[in-house]
Amino acid sequence: MRIDRLTSSDFRNLIHEPLSFSPGVNLVVGENGHGKTNVLEAIYFFKFGRSFRTSRDSELIRFEEPLLRIVIEAETRVDDREAFEAAIERKGAKRIKLNGKEVPKYSELVGRYPCVLFGPHDLALTSGQPAERRRFLDMVGSLTDPGYLAVLRAYRRVLAQRNAALKTDTASALGVWTEELIEQGCHLVRRRVDVVEAIRKHMISHIEKLQVRYPIRVGYESELTNSQPADVTHQEHFAARLAGREFDEIRRGTTLVGPHRDDMTLVVDGHDLRRYGSQGQRRLVAVLLRLAELSYVEEQLREPCVLLLDDLFSELDERVVDHLKGALDDNRQIFVTSPVDLSWDAAGTQIFRVNHGQVGPVPQP
Amino acid sequence: MEYGSETLASLIRLFAKMPGIGFKTAQRLALHLLRCEDKEVEKLGQVILGLKQTVGFCKSCGGITELEECAICTNPARNREMVCVVEEPRDLIILENTGQYKGLYHVLHGVLSPVDGVGPEDLNLRHFEERVRANNIKEVIVATNPTVEGDATALYIARALEPLGCSVTRLARGLPMGATLEFADDVTLARAIERREEL
(Lines give C-alpha, C1' and ligand atoms only; values in the text may rest on other atoms or scores of the structure.)
Protein backbone atom coordinates (compact mmCIF):
# COMPACT_ATOMS: atom_id res chain seq x y z
CA MET A 1 0.00 0.00 0.00
CA ARG A 2 1.05 3.58 -0.49
CA ILE A 3 -0.63 6.55 1.13
CA ASP A 4 -0.81 9.58 -1.14
CA ARG A 5 -2.75 12.21 0.73
CA LEU A 6 -4.19 13.00 4.14
CA THR A 7 -6.93 15.53 4.71
CA SER A 8 -8.37 16.04 8.16
CA SER A 9 -10.49 18.50 10.02
CA ASP A 10 -10.84 18.80 13.78
CA PHE A 11 -8.86 15.61 14.33
CA ARG A 12 -7.13 16.18 17.68
CA ASN A 13 -5.16 19.42 17.41
CA LEU A 14 -4.13 19.03 13.79
CA ILE A 15 -4.45 21.95 11.40
CA HIS A 16 -3.19 21.46 7.88
CA GLU A 17 -3.79 21.77 4.18
CA PRO A 18 -4.11 18.39 2.45
CA LEU A 19 -0.73 16.69 2.97
CA SER A 20 0.86 14.91 0.00
CA PHE A 21 3.26 12.19 1.04
CA SER A 22 6.43 10.83 -0.44
CA PRO A 23 6.27 7.19 -1.56
CA GLY A 24 9.52 6.74 0.41
CA VAL A 25 10.34 8.26 3.76
CA ASN A 26 8.16 10.86 5.45
CA LEU A 27 9.72 12.49 8.50
CA VAL A 28 7.37 14.18 10.94
CA VAL A 29 9.41 16.40 13.23
CA GLY A 30 8.45 18.76 15.99
CA GLU A 31 8.63 19.28 19.71
CA ASN A 32 6.98 16.86 22.10
CA GLY A 33 3.34 17.56 22.74
CA HIS A 34 2.81 19.43 19.49
CA GLY A 35 0.99 16.63 17.65
CA LYS A 36 3.47 14.42 15.76
CA THR A 37 1.87 11.20 16.91
CA ASN A 38 -1.56 12.59 15.97
CA VAL A 39 -0.47 12.47 12.33
CA LEU A 40 0.37 8.76 12.64
CA GLU A 41 -2.85 8.18 14.55
CA ALA A 42 -4.89 9.65 11.69
CA ILE A 43 -3.03 7.50 9.15
CA TYR A 44 -3.36 4.34 11.26
CA PHE A 45 -7.07 4.90 11.84
CA PHE A 46 -8.29 2.86 8.86
CA LYS A 47 -6.39 -0.29 9.78
CA PHE A 48 -9.30 -1.29 12.05
CA GLY A 49 -11.47 1.82 12.01
CA ARG A 50 -10.20 3.02 15.35
CA SER A 51 -7.34 4.76 17.09
CA PHE A 52 -4.36 2.90 18.53
CA ARG A 53 -4.34 5.16 21.58
CA THR A 54 -7.93 5.24 22.76
CA SER A 55 -11.12 3.29 22.38
CA ARG A 56 -13.19 6.41 22.99
CA ASP A 57 -13.70 8.00 19.59
CA SER A 58 -14.93 11.30 21.00
CA GLU A 59 -11.45 11.91 22.44
CA LEU A 60 -10.22 12.25 18.87
CA ILE A 61 -12.33 15.34 18.19
CA ARG A 62 -10.82 18.76 18.74
CA PHE A 63 -11.99 20.41 21.97
CA GLU A 64 -15.42 21.99 21.63
CA GLU A 65 -15.91 20.91 18.02
CA PRO A 66 -18.91 18.74 17.06
CA LEU A 67 -17.26 16.38 14.57
CA LEU A 68 -14.04 15.29 12.96
CA ARG A 69 -13.23 14.08 9.47
CA ILE A 70 -10.27 12.15 8.11
CA VAL A 71 -9.75 11.36 4.44
CA ILE A 72 -6.93 9.18 3.19
CA GLU A 73 -6.22 8.68 -0.48
CA ALA A 74 -4.14 5.61 -1.09
CA GLU A 75 -2.94 3.15 -3.65
CA THR A 76 -3.68 -0.42 -2.56
CA ARG A 77 -3.54 -3.88 -3.97
CA VAL A 78 -7.27 -3.62 -4.69
CA ASP A 79 -7.20 -0.36 -6.60
CA ASP A 80 -4.68 2.31 -7.50
CA ARG A 81 -7.02 4.98 -6.23
CA GLU A 82 -8.86 4.29 -2.99
CA ALA A 83 -10.42 6.82 -0.65
CA PHE A 84 -10.90 6.01 3.03
CA GLU A 85 -13.12 8.48 4.85
CA ALA A 86 -14.13 8.70 8.50
CA ALA A 87 -16.57 11.07 10.17
CA ILE A 88 -17.10 10.93 13.92
CA GLU A 89 -19.58 13.07 15.79
CA ARG A 90 -19.23 13.99 19.42
CA LYS A 91 -22.76 12.67 19.94
CA GLY A 92 -21.43 9.25 18.99
CA ALA A 93 -22.33 8.74 15.34
CA LYS A 94 -19.44 7.26 13.39
CA ARG A 95 -19.30 6.64 9.67
CA ILE A 96 -16.53 5.08 7.67
CA LYS A 97 -16.68 5.19 3.90
CA LEU A 98 -14.62 3.34 1.37
CA ASN A 99 -14.65 5.00 -2.03
CA GLY A 100 -17.76 6.94 -1.14
CA LYS A 101 -19.70 3.88 0.06
CA GLU A 102 -20.40 3.37 3.72
CA VAL A 103 -18.71 0.39 5.35
CA PRO A 104 -21.32 -1.17 7.64
CA LYS A 105 -18.93 -3.49 9.44
CA TYR A 106 -15.41 -2.33 10.22
CA SER A 107 -14.21 -5.90 9.95
CA GLU A 108 -14.46 -5.29 6.19
CA LEU A 109 -11.51 -2.93 6.56
CA VAL A 110 -9.32 -5.64 8.04
CA GLY A 111 -6.54 -6.50 5.62
CA ARG A 112 -7.63 -3.79 3.19
CA TYR A 113 -5.31 -1.20 4.70
CA PRO A 114 -2.07 -2.91 5.64
CA CYS A 115 0.15 -0.89 7.92
CA VAL A 116 2.30 -1.74 10.90
CA LEU A 117 2.97 0.63 13.75
CA PHE A 118 6.10 0.60 15.88
CA GLY A 119 5.94 2.79 18.95
CA PRO A 120 6.72 3.23 22.63
CA HIS A 121 3.54 1.39 23.62
CA ASP A 122 4.99 -1.79 22.04
CA LEU A 123 6.93 -2.27 25.26
CA ALA A 124 3.64 -3.56 26.67
CA LEU A 125 4.03 -6.59 24.36
CA THR A 126 7.01 -7.75 26.37
CA SER A 127 6.43 -6.12 29.76
CA GLY A 128 2.65 -5.90 30.02
CA GLN A 129 -0.13 -8.26 31.02
CA PRO A 130 -0.89 -11.46 29.05
CA ALA A 131 -3.92 -9.64 27.59
CA GLU A 132 -1.53 -7.42 25.59
CA ARG A 133 0.09 -10.44 23.96
CA ARG A 134 -3.26 -12.14 23.32
CA ARG A 135 -4.44 -8.97 21.62
CA PHE A 136 -1.30 -8.99 19.47
CA LEU A 137 -1.88 -12.61 18.41
CA ASP A 138 -5.57 -11.98 17.73
CA MET A 139 -4.72 -8.88 15.70
CA VAL A 140 -2.13 -10.68 13.57
CA GLY A 141 -4.48 -13.66 13.26
CA SER A 142 -7.41 -11.64 12.03
CA LEU A 143 -5.23 -9.81 9.50
CA THR A 144 -3.99 -13.01 7.94
CA ASP A 145 -6.84 -15.50 8.40
CA PRO A 146 -10.37 -14.53 7.33
CA GLY A 147 -12.00 -17.02 9.69
CA TYR A 148 -10.04 -15.89 12.75
CA LEU A 149 -12.28 -13.01 13.73
CA ALA A 150 -15.39 -15.18 13.52
CA VAL A 151 -13.80 -17.83 15.75
CA LEU A 152 -12.66 -15.20 18.23
CA ARG A 153 -16.12 -13.61 18.37
CA ALA A 154 -17.83 -16.97 18.78
CA TYR A 155 -15.47 -17.88 21.62
CA ARG A 156 -16.08 -14.56 23.41
CA ARG A 157 -19.82 -15.00 23.01
CA VAL A 158 -19.76 -18.54 24.42
CA LEU A 159 -17.51 -17.37 27.24
CA ALA A 160 -19.96 -14.60 28.21
CA GLN A 161 -22.86 -17.06 28.08
CA ARG A 162 -21.02 -19.64 30.15
CA ASN A 163 -19.99 -17.06 32.75
CA ALA A 164 -23.62 -15.98 32.99
CA ALA A 165 -24.67 -19.62 33.34
CA LEU A 166 -22.14 -20.06 36.15
CA LYS A 167 -23.58 -17.08 38.00
CA THR A 168 -27.26 -17.74 37.57
CA ASP A 169 -28.64 -21.03 38.66
CA THR A 170 -29.21 -22.57 35.27
CA ALA A 171 -26.90 -25.40 36.15
CA SER A 172 -28.91 -27.79 34.00
CA ALA A 173 -27.62 -26.05 30.86
CA LEU A 174 -24.06 -25.44 32.05
CA GLY A 175 -22.98 -28.67 30.39
CA VAL A 176 -23.82 -27.49 26.89
CA TRP A 177 -22.07 -24.17 27.41
CA THR A 178 -19.04 -26.12 28.58
CA GLU A 179 -19.17 -28.25 25.43
CA GLU A 180 -19.51 -25.17 23.23
CA LEU A 181 -16.64 -23.51 25.10
CA ILE A 182 -14.47 -26.54 24.44
CA GLU A 183 -15.34 -26.61 20.75
CA GLN A 184 -14.81 -22.90 20.10
CA GLY A 185 -11.85 -22.77 22.50
CA CYS A 186 -10.04 -25.53 20.66
CA HIS A 187 -10.62 -23.74 17.34
CA LEU A 188 -9.16 -20.57 18.83
CA VAL A 189 -6.16 -22.29 20.43
CA ARG A 190 -5.35 -24.08 17.17
CA ARG A 191 -5.42 -20.80 15.27
CA ARG A 192 -3.36 -18.98 17.91
CA VAL A 193 -0.75 -21.74 17.85
CA ASP A 194 -0.53 -21.27 14.08
CA VAL A 195 -0.05 -17.51 14.50
CA VAL A 196 2.72 -18.02 17.08
CA GLU A 197 4.42 -20.49 14.75
CA ALA A 198 4.27 -17.97 11.91
CA ILE A 199 5.62 -15.23 14.18
CA ARG A 200 8.46 -17.51 15.28
CA LYS A 201 9.34 -18.37 11.70
CA HIS A 202 9.30 -14.78 10.53
CA MET A 203 11.35 -13.56 13.47
CA ILE A 204 14.30 -15.75 12.54
CA SER A 205 15.57 -13.70 9.60
CA HIS A 206 15.21 -10.46 11.57
CA ILE A 207 17.16 -11.95 14.48
CA GLU A 208 19.92 -12.83 12.06
CA LYS A 209 19.98 -9.44 10.40
CA LEU A 210 20.12 -7.71 13.75
CA GLN A 211 22.95 -9.99 14.81
CA VAL A 212 21.30 -10.75 18.13
CA ARG A 213 23.78 -12.87 20.05
CA TYR A 214 21.41 -14.66 22.41
CA PRO A 215 18.66 -17.13 21.51
CA ILE A 216 15.07 -15.85 21.56
CA ARG A 217 12.19 -18.27 21.71
CA VAL A 218 8.49 -17.54 21.36
CA GLY A 219 5.78 -20.04 22.17
CA TYR A 220 2.13 -20.32 22.99
CA GLU A 221 1.40 -20.77 26.66
CA SER A 222 -1.85 -22.46 27.36
CA GLU A 223 -2.99 -24.62 30.18
CA LEU A 224 -4.61 -26.65 27.43
CA THR A 225 -1.67 -27.47 25.20
CA ASN A 226 1.31 -27.30 27.53
CA SER A 227 0.32 -29.95 30.02
CA GLN A 228 -1.54 -32.16 27.61
CA PRO A 229 -0.78 -35.88 27.84
CA ALA A 230 0.02 -37.40 24.47
CA ASP A 231 -2.84 -39.88 24.37
CA VAL A 232 -5.79 -37.48 24.79
CA THR A 233 -7.25 -35.00 22.32
CA HIS A 234 -7.31 -31.23 22.91
CA GLN A 235 -11.04 -31.50 23.52
CA GLU A 236 -10.68 -34.22 26.16
CA HIS A 237 -7.89 -32.37 27.88
CA PHE A 238 -9.84 -29.11 27.95
CA ALA A 239 -12.86 -30.97 29.34
CA ALA A 240 -10.76 -32.59 32.07
CA ARG A 241 -9.24 -29.24 33.05
CA LEU A 242 -12.65 -27.61 33.24
CA ALA A 243 -14.06 -30.49 35.24
CA GLY A 244 -11.24 -30.08 37.74
CA ARG A 245 -12.07 -26.43 38.30
CA GLU A 246 -15.85 -26.58 38.16
CA PHE A 247 -16.30 -26.14 41.90
CA ASP A 248 -14.11 -23.01 41.88
CA GLU A 249 -15.80 -21.75 38.75
CA ILE A 250 -19.27 -21.96 40.23
CA ARG A 251 -18.09 -20.34 43.44
CA ARG A 252 -16.44 -17.46 41.60
CA GLY A 253 -18.98 -17.28 38.79
CA THR A 254 -16.42 -17.16 36.03
CA THR A 255 -14.64 -19.46 33.60
CA LEU A 256 -11.14 -20.19 34.87
CA VAL A 257 -9.72 -22.32 32.06
CA GLY A 258 -9.50 -21.46 28.39
CA PRO A 259 -7.73 -19.41 25.73
CA HIS A 260 -8.98 -16.20 27.34
CA ARG A 261 -6.30 -16.82 29.97
CA ASP A 262 -3.48 -17.89 27.65
CA ASP A 263 -0.26 -16.05 26.95
CA MET A 264 2.66 -15.94 24.56
CA THR A 265 5.96 -17.03 26.09
CA LEU A 266 9.08 -15.03 25.34
CA VAL A 267 12.28 -16.67 26.43
CA VAL A 268 15.52 -14.76 25.95
CA ASP A 269 18.81 -16.49 26.67
CA GLY A 270 17.02 -19.05 28.81
CA HIS A 271 15.14 -16.52 30.93
CA ASP A 272 11.49 -15.57 30.87
CA LEU A 273 11.61 -12.12 29.33
CA ARG A 274 8.23 -11.14 30.79
CA ARG A 275 9.74 -11.37 34.26
CA TYR A 276 13.50 -11.14 34.05
CA GLY A 277 14.29 -9.21 30.90
CA SER A 278 16.33 -6.03 30.84
CA GLN A 279 14.76 -2.88 29.40
CA GLY A 280 16.97 -3.18 26.35
CA GLN A 281 15.97 -6.79 25.69
CA ARG A 282 12.32 -6.01 26.17
CA ARG A 283 12.50 -3.17 23.69
CA LEU A 284 14.40 -5.28 21.19
CA VAL A 285 11.99 -8.23 21.38
CA ALA A 286 9.02 -5.87 21.06
CA VAL A 287 10.54 -4.53 17.83
CA LEU A 288 11.22 -8.10 16.66
CA LEU A 289 7.58 -9.04 17.26
CA ARG A 290 6.47 -6.09 15.15
CA LEU A 291 8.98 -6.97 12.43
CA ALA A 292 7.64 -10.53 12.41
CA GLU A 293 4.10 -9.16 12.16
CA LEU A 294 5.26 -7.04 9.24
CA SER A 295 6.87 -9.90 7.28
CA TYR A 296 4.04 -12.31 8.01
CA VAL A 297 1.25 -9.91 7.08
CA GLU A 298 3.10 -8.93 3.90
CA GLU A 299 3.62 -12.57 2.97
CA GLN A 300 -0.06 -13.33 3.49
CA LEU A 301 -1.47 -10.24 1.83
CA ARG A 302 1.23 -10.13 -0.88
CA GLU A 303 1.43 -6.39 -0.54
CA PRO A 304 3.98 -4.10 1.11
CA CYS A 305 2.75 -2.58 4.37
CA VAL A 306 3.08 1.07 5.26
CA LEU A 307 5.44 1.46 8.21
CA LEU A 308 4.59 3.89 11.00
CA LEU A 309 7.49 4.49 13.36
CA ASP A 310 6.46 6.54 16.35
CA ASP A 311 9.35 8.14 18.21
CA LEU A 312 11.32 4.94 18.09
CA PHE A 313 14.91 5.86 17.39
CA SER A 314 15.64 7.72 20.57
CA GLU A 315 15.39 4.48 22.53
CA LEU A 316 16.88 1.84 20.26
CA ASP A 317 20.50 1.12 19.56
CA GLU A 318 22.02 1.87 16.21
CA ARG A 319 21.97 -1.64 14.79
CA VAL A 320 18.21 -1.85 15.20
CA VAL A 321 17.76 1.61 13.76
CA ASP A 322 19.88 0.72 10.73
CA HIS A 323 17.90 -2.47 10.20
CA LEU A 324 14.63 -0.58 10.33
CA LYS A 325 15.97 2.01 7.94
CA GLY A 326 17.03 -0.86 5.70
CA ALA A 327 13.39 -1.88 5.44
CA LEU A 328 13.18 0.92 2.93
CA ASP A 329 15.12 -1.23 0.48
CA ASP A 330 12.02 -3.34 0.21
CA ASN A 331 10.18 -0.45 -1.35
CA ARG A 332 7.98 0.40 1.62
CA GLN A 333 6.53 3.73 2.48
CA ILE A 334 7.62 4.90 5.93
CA PHE A 335 6.32 7.53 8.31
CA VAL A 336 8.65 8.49 11.15
CA THR A 337 8.08 10.88 14.02
CA SER A 338 11.01 12.35 15.86
CA PRO A 339 11.55 15.26 18.25
CA VAL A 340 14.82 16.06 16.49
CA ASP A 341 15.70 16.32 12.82
CA LEU A 342 16.87 12.86 11.90
CA SER A 343 19.49 12.42 9.29
CA TRP A 344 17.89 10.05 6.85
CA ASP A 345 19.66 10.20 3.58
CA ALA A 346 17.25 8.39 1.36
CA ALA A 347 16.26 9.92 -1.93
CA GLY A 348 12.82 11.47 -1.95
CA THR A 349 12.56 11.98 1.80
CA GLN A 350 9.85 14.46 2.66
CA ILE A 351 9.99 16.35 5.95
CA PHE A 352 6.91 17.69 7.71
CA ARG A 353 7.12 20.07 10.62
CA VAL A 354 4.52 20.04 13.40
CA ASN A 355 4.15 23.18 15.46
CA HIS A 356 1.24 23.47 17.90
CA GLY A 357 -0.81 21.18 15.69
CA GLN A 358 0.04 23.04 12.48
CA VAL A 359 1.50 20.58 10.01
CA GLY A 360 3.24 21.54 6.80
CA PRO A 361 5.84 20.17 4.42
CA VAL A 362 9.35 21.58 4.69
CA PRO A 363 10.62 22.59 1.22
CA GLN A 364 13.66 20.57 0.22
CA PRO A 365 16.87 22.38 -0.64
CA MET B 1 -43.58 17.18 19.26
CA GLU B 2 -46.98 18.91 19.11
CA TYR B 3 -49.77 17.00 17.35
CA GLY B 4 -52.72 18.84 18.86
CA SER B 5 -53.93 15.51 20.22
CA GLU B 6 -52.50 13.36 22.95
CA THR B 7 -54.34 10.32 21.52
CA LEU B 8 -52.62 10.72 18.18
CA ALA B 9 -49.27 11.29 19.84
CA SER B 10 -49.58 8.16 21.94
CA LEU B 11 -50.64 6.09 18.90
CA ILE B 12 -47.51 7.27 17.11
CA ARG B 13 -45.37 6.31 20.09
CA LEU B 14 -46.98 2.85 20.17
CA PHE B 15 -46.41 2.27 16.48
CA ALA B 16 -42.82 3.41 16.78
CA LYS B 17 -42.18 0.69 19.36
CA MET B 18 -42.92 -2.00 16.80
CA PRO B 19 -40.13 -3.84 15.01
CA GLY B 20 -39.09 -2.34 11.71
CA ILE B 21 -41.06 0.84 12.25
CA GLY B 22 -39.26 4.10 12.76
CA PHE B 23 -40.66 7.34 13.98
CA LYS B 24 -41.54 8.68 10.52
CA THR B 25 -43.37 5.53 9.46
CA ALA B 26 -45.24 5.52 12.78
CA GLN B 27 -46.38 9.06 12.08
CA ARG B 28 -47.48 8.16 8.57
CA LEU B 29 -49.45 5.14 9.79
CA ALA B 30 -51.21 7.11 12.50
CA LEU B 31 -52.14 9.96 10.16
CA HIS B 32 -53.32 7.43 7.62
CA LEU B 33 -55.67 5.84 10.17
CA LEU B 34 -57.04 9.26 11.03
CA ARG B 35 -58.07 9.72 7.41
CA CYS B 36 -59.49 6.20 6.99
CA GLU B 37 -63.21 5.46 7.12
CA ASP B 38 -64.55 4.74 10.60
CA LYS B 39 -65.54 1.19 9.61
CA GLU B 40 -62.01 0.32 8.55
CA VAL B 41 -60.44 1.60 11.74
CA GLU B 42 -63.06 -0.18 13.84
CA LYS B 43 -62.30 -3.45 12.09
CA LEU B 44 -58.58 -3.01 12.68
CA GLY B 45 -59.21 -2.27 16.34
CA GLN B 46 -61.35 -5.35 16.75
CA VAL B 47 -58.85 -7.62 15.05
CA ILE B 48 -56.08 -6.33 17.28
CA LEU B 49 -58.25 -6.79 20.37
CA GLY B 50 -59.13 -10.32 19.30
CA LEU B 51 -55.52 -11.23 18.61
CA LYS B 52 -54.55 -11.97 22.17
CA GLN B 53 -57.90 -13.51 23.02
CA THR B 54 -58.31 -15.94 20.15
CA VAL B 55 -54.80 -16.71 19.00
CA GLY B 56 -52.72 -18.94 21.18
CA PHE B 57 -50.14 -21.66 20.98
CA CYS B 58 -50.65 -25.31 20.18
CA LYS B 59 -50.47 -27.50 23.25
CA SER B 60 -48.34 -30.11 21.49
CA CYS B 61 -45.92 -28.14 19.40
CA GLY B 62 -46.13 -24.51 20.53
CA GLY B 63 -47.01 -23.29 17.04
CA ILE B 64 -49.62 -20.63 16.38
CA THR B 65 -53.27 -21.72 16.44
CA GLU B 66 -56.74 -20.60 17.47
CA LEU B 67 -57.60 -24.09 18.69
CA GLU B 68 -56.11 -26.32 21.30
CA GLU B 69 -53.98 -28.10 18.72
CA CYS B 70 -52.68 -26.59 15.51
CA ALA B 71 -53.56 -27.61 11.95
CA ILE B 72 -50.19 -29.29 11.43
CA CYS B 73 -50.36 -31.42 14.56
CA THR B 74 -53.89 -32.61 13.70
CA ASN B 75 -53.21 -33.22 10.02
CA PRO B 76 -53.20 -37.01 9.51
CA ALA B 77 -51.26 -36.66 6.27
CA ARG B 78 -48.13 -35.38 8.05
CA ASN B 79 -45.28 -37.69 8.88
CA ARG B 80 -45.74 -38.21 12.61
CA GLU B 81 -42.36 -39.80 13.21
CA MET B 82 -40.40 -36.66 12.41
CA VAL B 83 -40.20 -33.44 14.43
CA CYS B 84 -38.42 -30.25 13.41
CA VAL B 85 -37.40 -27.97 16.30
CA VAL B 86 -37.40 -24.23 15.56
CA GLU B 87 -36.71 -21.14 17.66
CA GLU B 88 -39.76 -19.04 16.80
CA PRO B 89 -43.17 -19.39 15.08
CA ARG B 90 -41.64 -17.23 12.34
CA ASP B 91 -39.17 -20.03 11.52
CA LEU B 92 -42.00 -22.56 11.31
CA ILE B 93 -43.79 -20.38 8.77
CA ILE B 94 -40.61 -20.03 6.69
CA LEU B 95 -39.96 -23.78 6.65
CA GLU B 96 -43.61 -24.50 5.96
CA ASN B 97 -43.51 -22.18 2.95
CA THR B 98 -40.86 -24.36 1.34
CA GLY B 99 -43.46 -27.12 1.04
CA GLN B 100 -40.64 -29.65 1.38
CA TYR B 101 -41.07 -30.69 4.96
CA LYS B 102 -43.92 -33.05 5.77
CA GLY B 103 -43.22 -33.82 9.41
CA LEU B 104 -44.29 -32.13 12.63
CA TYR B 105 -42.76 -29.14 14.42
CA HIS B 106 -41.76 -28.04 17.87
CA VAL B 107 -41.44 -24.33 18.63
CA LEU B 108 -39.09 -23.36 21.48
CA HIS B 109 -40.07 -19.68 21.71
CA GLY B 110 -36.47 -18.66 22.27
CA VAL B 111 -32.95 -20.03 22.63
CA LEU B 112 -30.69 -20.68 25.60
CA SER B 113 -28.99 -17.43 26.58
CA PRO B 114 -27.87 -17.13 30.21
CA VAL B 115 -26.74 -13.56 29.46
CA ASP B 116 -30.40 -12.69 28.94
CA GLY B 117 -31.47 -14.94 31.79
CA VAL B 118 -32.92 -17.62 29.52
CA GLY B 119 -32.35 -21.17 30.73
CA PRO B 120 -33.92 -24.46 29.57
CA GLU B 121 -36.89 -23.98 31.88
CA ASP B 122 -37.79 -20.76 30.06
CA LEU B 123 -38.11 -22.55 26.73
CA ASN B 124 -40.94 -24.70 25.47
CA LEU B 125 -38.99 -27.83 26.36
CA ARG B 126 -40.75 -29.11 29.43
CA HIS B 127 -42.88 -31.70 27.65
CA PHE B 128 -40.67 -32.20 24.64
CA GLU B 129 -38.90 -35.31 25.85
CA GLU B 130 -42.24 -36.76 26.83
CA ARG B 131 -43.67 -35.84 23.43
CA VAL B 132 -40.84 -37.61 21.61
CA ARG B 133 -41.17 -40.70 23.77
CA ALA B 134 -44.95 -40.96 23.81
CA ASN B 135 -45.35 -40.45 20.07
CA ASN B 136 -42.56 -42.80 19.15
CA ILE B 137 -40.75 -40.16 17.15
CA LYS B 138 -37.86 -41.52 15.09
CA GLU B 139 -36.05 -38.38 13.98
CA VAL B 140 -35.65 -34.91 15.47
CA ILE B 141 -34.29 -32.22 13.16
CA VAL B 142 -32.93 -29.25 15.09
CA ALA B 143 -33.33 -26.11 12.99
CA THR B 144 -32.12 -23.46 15.43
CA ASN B 145 -30.11 -20.60 13.94
CA PRO B 146 -26.37 -21.07 13.34
CA THR B 147 -25.47 -18.74 16.20
CA VAL B 148 -23.58 -19.54 19.38
CA GLU B 149 -26.92 -19.63 21.24
CA GLY B 150 -28.62 -21.71 18.54
CA ASP B 151 -25.77 -24.21 18.60
CA ALA B 152 -25.85 -24.53 22.39
CA THR B 153 -29.62 -25.04 22.31
CA ALA B 154 -29.27 -27.72 19.64
CA LEU B 155 -26.65 -29.46 21.75
CA TYR B 156 -28.89 -29.26 24.82
CA ILE B 157 -31.72 -30.94 22.92
CA ALA B 158 -29.41 -33.61 21.53
CA ARG B 159 -28.12 -34.39 25.04
CA ALA B 160 -31.61 -34.48 26.51
CA LEU B 161 -32.82 -36.91 23.85
CA GLU B 162 -29.76 -39.15 23.96
CA PRO B 163 -31.33 -41.75 26.26
CA LEU B 164 -34.34 -42.10 23.94
CA GLY B 165 -32.25 -43.39 21.07
CA CYS B 166 -34.00 -41.41 18.34
CA SER B 167 -31.93 -39.81 15.61
CA VAL B 168 -31.14 -36.12 16.19
CA THR B 169 -29.88 -34.12 13.22
CA ARG B 170 -28.97 -30.50 12.62
CA LEU B 171 -29.70 -28.43 9.50
CA ALA B 172 -26.71 -28.42 7.14
CA ARG B 173 -24.78 -25.19 6.81
CA GLY B 174 -22.76 -24.01 3.87
CA LEU B 175 -23.21 -22.21 0.60
CA PRO B 176 -26.68 -20.93 -0.24
CA MET B 177 -28.21 -22.31 -3.44
CA GLY B 178 -27.69 -20.23 -6.52
CA ALA B 179 -25.02 -18.15 -4.85
CA THR B 180 -21.62 -17.95 -6.45
CA LEU B 181 -18.41 -18.37 -4.47
CA GLU B 182 -17.59 -14.78 -5.31
CA PHE B 183 -20.34 -13.46 -3.07
CA ALA B 184 -20.04 -15.90 -0.20
CA ASP B 185 -18.61 -14.40 2.97
CA ASP B 186 -15.35 -15.78 4.33
CA VAL B 187 -16.88 -17.47 7.35
CA THR B 188 -19.51 -19.35 5.35
CA LEU B 189 -16.95 -20.36 2.79
CA ALA B 190 -14.48 -21.55 5.41
CA ARG B 191 -17.23 -23.58 7.07
CA ALA B 192 -18.31 -25.02 3.72
CA ILE B 193 -14.74 -26.14 3.04
CA GLU B 194 -14.39 -27.61 6.52
CA ARG B 195 -17.59 -29.65 6.14
CA ARG B 196 -17.34 -30.52 2.47
CA GLU B 197 -19.30 -33.43 1.03
CA GLU B 198 -18.09 -36.46 -0.84
CA LEU B 199 -19.36 -36.55 -4.42
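Trainee: Does Asp248(A) count as buried, partly exposed or exposed, and what is its relative accessibility?

Mentor: The classes rest on relative accessible area: buried means under 20%, exposed over 50%, and partly exposed in between, with a 1.4 Å probe and protein chains only. At 23% relative accessibility, Asp248(A) is therefore partly exposed. Please note that this is a predicted model, in which local features need pLDDT of at least 70 and side-chain atom pairs count only at pLDDT 80 or more, whereas totals for chains, interfaces and linings use all residues. Residues are numbered from 1 along each chain as its sequence is written, chains are lettered from A and ligands numbered from 1 in the order in which they are written, and side-chain values use heavy atoms, with hydrogens and water left out.

Trainee: With which residue does Asp248(A) form a salt bridge?

Mentor: Side chains of opposite charge can pair when their charged atoms come close. Here a salt bridge is a side-chain nitrogen of Lys or Arg within 4 Å of a carboxyl oxygen of Asp or Glu. The partner of Asp248(A) is Arg251(A), and their closest N and O atoms are 3.1 Å apart. Both residues belong to helix H7 (residues 234-252) of chain A, three residues apart, about one turn of the helix. Helices (H or I, at least four residues) and strands (E, at least two) are DSSP runs, numbered from the N terminus. Arg251(A), at 57% relative accessibility, counts as exposed.

Trainee: Which parts of chain A does the salt bridge between Arg191(A) and Asp145(A) tie together?

Mentor: The closest N and O atoms of Arg191(A) and Asp145(A) are 2.9 Å apart. Arg191(A) lies in helix H5 (residues 171-209) and Asp145(A) in the loop between helix H3 (130-144) and helix H4 (148-167), so the pair ties together parts of chain A that are 46 residues apart in sequence. Over all chains, the structure holds 40 salt bridges.

Trainee: How many residues of helix H1 of chain A are buried?

Mentor: In helix H1 (residues 36-44) of chain A, nine of its nine residues are buried. Glu41(A) is among them, with a relative accessible area of 0%. Glu41(A) also forms a salt bridge with Arg53(A), with 2.8 Å between the closest N and O atoms. Arg53(A) lies in the loop between H1 and strand S4 (67-75) of chain A, 12 residues apart from Glu41(A).

Trainee: Where are the domains of chain B?

Mentor: Domain bounds come from an automatic or database domain assignment. For chain B, the assignment gives domain 1 (6-54) and domain 2 (67-198). Their centres, taken over C-alpha atoms, are separated by 34 Å.
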